[in-house]
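Subject: Structure handover

Hello,

Here is the structure you asked for. Please open it and keep it beside this message while you read.

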Amino acid sequence: MAPFFTLFCNRKATKDQTENVRTLEKYYSVFIDSELHPDTIKTKYGTSNHKFFGKVMGDWVMYDYKSVDTVPPACVLTFDVDSKVKQEDWDTAYEFIKTIFSDNPDQLLIDKMYNIVSKAPIAEKLSVLPTKEAVKQNNEYMFSHWIDTEKDVCICQIDKPFTDRPYTCVIENFSQVDFVPMFTAFYICSSWGVAAQDSIFLVHLWKHLDMKEKYGVIDLERRLKDVIKACENGAPEPRVYRNNIEGVKNLLFK
């Protein structure tokens, strides 16, 4: 995947988590990950090209996935698996994290970091700001999911800016099809795809979930045509709900 910062936040973000998002978003577009169990984090990021950042006794530290049990991560920086990241670049990233959360951020160091991870254009700001106000009117995108390995089902949720209900789809046979069906499922809703940012977010998410490594470029237009044709030939339509993951779980499994 392209270089990305991902911040770890509870579904109801703490004050510190909210401040972390606000601070890092001054410099980069970020993703939010609300799955905070160490085992889940290890499974998700263990094979990636990454470094975690967290605090030990008030001081920032940089480490890999093996230490997430003892040091809860605040954020993670990931690169393409085949990217060769120099140790000095990781060191710069570490110094960058320390300086942006200090009282006097070092602009020279920040500019040096931009040479390693390019600053995204303002138009591509696709993360979520989990403030109290965001509960009433979220102003950015957020992705989350839940997997039931026994039923081989994955429920994926995207919170879209300025909407009061999320978009949630159900993927069956998840071990076989992965997240692929999600990227076309939401277009069954007339309100999805109206804004260009909807598709832009999916392109970013495709990269973030390492789908390019496994399935190539996203090519949404072609994939949509293939799904429409399959449905015309008798394949079931995507199951999409305007509810959150918990609501869909209650609907399907209780």
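C156 is buried, because its relative accessible area is 0% and the cut-off for buried is under 20%. Please note that this is a predicted model. C156 sits in strand β7, which covers residues 153-159.

What does C156 touch, once its neighbours within four places in sequence are left aside? The contacts are F143, S144, H145, Y167, T168, C169, I171, F179, M182 and F186. Take I171 from that list. C156 and I171 are 15 residues apart in sequence, and their C-alpha atoms are 7.8 Å apart in space.

Next, the aromatic rings. A pair of rings is described by two values: the distance of the centres and the angle of the planes. The whole structure holds 21 aromatic pairs. One of them joins Y141 and W192. Their centres are 6.5 Å apart, with 85° between the planes, and the pair is edge-to-face. This pair links distant parts of the chain, 51 residues apart. Y141 is in the loop between α5 (132-136) and β6 (142-148). W192 is in the loop between α7 and α8. Are Y141 and W192 buried or exposed? Both are buried.

F183 and W206 form another edge-to-face pair. Here the centres are 4.9 Å apart and the planes 80° apart. F183 belongs to helix α7 and W206 to helix α8, so the pair ties together parts that are 23 residues apart in sequence. F183 counts as buried, at 0% relative accessibility. W206 is buried too, with a relative accessible area of 2%.

Ring pairs also build a cluster: F5, Y27, Y28, F96 and Y114.

Now look at charges over rings. The charged end of R242 sits over the ring of Y167, 3.9 Å from its centre. Y167 is also one of the contacts of C156. The charged end of K151 sits over the ring of F253, 5.1 Å from the ring centre.

Last, the backbone. Most residues other than glycine have a negative phi. Which way does phi go at D178? It is positive, about 60°, although D178 is not a glycine. D178 lies in the loop between α6 (174-177) and α7 (182-185). D178 counts as buried, because its relative accessibility is 12% and the cut-off is under 20%. D210 has a positive phi as well, about 65°, and is not a glycine either. Find D210 in the loop between α8 (196-208) and α9 (211-215).

Best wishes

Definitions and conventions: Residues are numbered from 1 along each chain as its sequence is written. This is a predicted model: local features need pLDDT of at least 70, side-chain atom pairs count only at pLDDT 80 or more; totals for chains, interfaces and linings use all residues. Side-chain values use heavy atoms; hydrogens and water are left out. Helices (H or I, at least four residues) and strands (E, at least two) are DSSP runs, numbered from the N terminus. Buried means under 20% relative accessible area, exposed over 50%, partly exposed in between (1.4 Å probe, protein chains only). Contact means heavy atoms within 4.5 Å. Rings of Phe, Tyr and Trp (its six-membered ring) pair if their centres lie within 6.5 Å; planes under 30 degrees apart count as stacked, over 60 as edge-to-face and the rest as tilted. A charge sits over a ring if NZ of Lys or CZ of Arg is within 6 Å of the ring centre and within 35 degrees of the ring normal.
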